[in-house]
Amino acid sequence: MKRSKPWAILLAVVMMVSLLAACGGGGGNSKTSNGSANPPATTNEGGGTENSGTGTGEKIELTFWSLGTTNYEELAKEYTAEHPNITIKFQNTSDQTAHHNNLTTALSAGSGAPDIFMLEIAFMERFISAKDKFHNLYDLGAKDIESNYLDWKWKQATSVDGSFQLGLPTDIGPTVVYYRTDLAEQAGLPTDPDGFSAAIDTWDKFATVAKQFKEKTGKPFADLTDLVYNGLRDQSPDQIYFNKEDGAFIGDTNPQVKKAYDFTVKGIQEGWIGNWILWSPEWQNAINKGDFGVMLGPAWIAGTIRNAKDSAGKWQIAQLPEGAGNWGGSFLTLPKEGKHPKEAYEFISWLVNKDNQLKSFKESGLFPSIPAVYQEPAFSEDKDEFFSGQVIAEAYAKSAERVKPVYYGPLHDQVDTIIKNALKNVLEKKADPQKEWDEAMKQAKTLVDRS
């Protein structure tokens, strides 16, 4: 399977895409509040004289398809006040599937695409494989600001040969270890973030602590198989299931993938991984009741933990063993159908600059992809009482700077689901782990061959 695929083939597999949850949301596929995939557009218009702002006097409308909860419409009002000849027309949705499928349809038809499209990382491979449908941001000046952003985040939207930049980075979802301080104390573990991080700073130490925790508290250390597996999987060097050079399947030979699988099996067999399902009501209840010790998850999953109001003041955040990972985050892209790429690029480069990323973090919780923001006093001024007074922004920043670039591949989510189903069989059916692994690899190879 090659990296670049004909657009027609990509369109044919659109409905096969199975998504991971994205930043700031739960399942990621929820409909908008009015039940529509395309809510009524809102327009942000500037007033003033025609010869102010860009200086050309030409009235320009930019259409912007945004995703999820952001402060981008408010920021756009600031921009158009300084550029009164620019109008920015927003179409926002929280339905990721519809959002990206709508762009696929528009690009295939050759009409209807916006000037600016917010692209979630889970869909990156679908569109970077059809980069001829987008403006290369390097041609518009992106090379000048590349060094401002986290290297691994920038590279997520860069072609394999490094010549094409599909999008400018918005937010990220660095992964951390959320832990219950009351249960840590009960198990005889350090309760401060540095001490807890040191106690689990290798995966071998994590497993040892997990087993002791179960013995002392009678509760599983980690909540569920999927998140434990993700923690090791995302530390795979350079690539996970697919070769970034030619797209070939490597999930069966990548030692980090097998390590992640075997480690999760170990947790199942030793009884320190719980039997809850991600996003289920039972899992939510377990969070509230303190039925497990740790959750390995991204920055945005803190919102789910906060829903467990009875657990306020009982959580803190530590670092993952041996590195970090990332789950979620988006990019701003410019489809070629747009008639004003210069003006669109000027706007998006302003929208995600250092100052505005800080505003987006403070106002909408979008975790910044520009590390210079982490040094700003306003970034770390807030102690979070829900998390025992910890400055959680600093914990996320530490994780973000430990993430390494990794290539996913267009069928990442489908292969990931196959492996997690195998782990589920080991957990719930007491199935043989090696047989489940072999069957999972067989299914993954069949999927790749058919694609």
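## Helix 8 against helix 10

Contact means heavy atoms within 4.5 Å. In this predicted model, Trp 203, Phe 206, Ala 207 and Lys 211 of helix 8 meet Lys 259, Phe 263, Lys 266 and Glu 270 of helix 10. By class, the residues of this contact divide into four nonpolar, no polar and four charged.

Two packed helices are described by the angle between their axes and the distance between the axes. Helix 8 covers residues 203–217, and helix 10 covers residues 255–270. Their packing angle is about 15°, and their axes lie 10 Å apart. That angle makes helix 8 roughly parallel to helix 10, because angles under 35 degrees count as roughly parallel. The crossing of helix 8 with helix 10 is right-handed.

## The chain as a whole

The protein chain has 451 residues, and 57% of them count as buried. Its secondary structure comes to 17 helices and 10 strands.

How much of the contact set comes from residues 24 or more positions apart? Such pairs account for 78% of the contacts in the protein chain with a separation of 6 or more.

## Helix 16 against helix 17

Helix 16 (412–429) and helix 17 (433–450) come one after the other, with a loop between them. They pack at an angle of about 160°, and their axes are 9 Å apart. Helix 16 is therefore roughly antiparallel to helix 17, since angles over 145 degrees count as roughly antiparallel. Helix 16 passes helix 17 in a right-handed crossing.

Which residues make the contact? Helix 16 supplies Gln 414, Val 415, Ile 418, Ile 419, Ala 422, Asn 425 and Val 426. Helix 17 supplies Pro 433, Glu 436, Ala 440, Met 441, Gln 443, Ala 444 and Leu 447. By class, this contact holds 10 nonpolar, three polar and one charged residues.

## Buried face of helix 2

Helix 2 runs over residues 72–82. Its buried residues are Tyr 72, Leu 75, Ala 76, Tyr 79 and Thr 80. Seen down the helix axis, these buried residues fall within an arc of 140°, so they line one face of helix 2.

The spacing follows a general rule. An α-helix has 3.6 residues a turn, so residues three or four places apart point the same way.

Most residues other than glycine have a negative phi.

Glu 322 is partly exposed, with a relative accessible area of 42%.

Lys 430 lies in the loop that links helix 16 to helix 17. Is Lys 430 buried or exposed? At 69% relative accessibility, Lys 430 counts as exposed, because the cut-off for exposed is over 50%.

## Lys 143

Where is Lys 143 found? Lys 143 is in the loop between helix 4 (124–128) and helix 5 (151–155). With a relative accessible area of 48%, Lys 143 is partly exposed.

Gln 165 is 22 residues from Lys 143 along the chain. The C-alpha atoms of Lys 143 and Gln 165 are separated by 8.9 Å.

Methods:
Residues numbered from 1 in each chain as written. Predicted model: local features only at pLDDT ≥ 70, side-chain atom pairs only at ≥ 80, totals over all residues. Heavy atoms only, no water. Buried < 20%, exposed > 50% of the residue type's maximum accessible area, 1.4 Å probe, protein only. Helix = DSSP H or I, 4+ residues; strand = E, 2+ residues; numbered from the N terminus. Arc of directions from axis to C-beta. Axes fitted to C-alpha atoms, helices over the stretch in contact; angles between N-to-C directions. Parallel < 35°, antiparallel > 145°, perpendicular 65-115°, else oblique. Left-handed = near helix turned anticlockwise from the far one by under 90°. Nonpolar A, V, L, I, M, F, W, Y, C, P; charged D, E, K, R; others polar.
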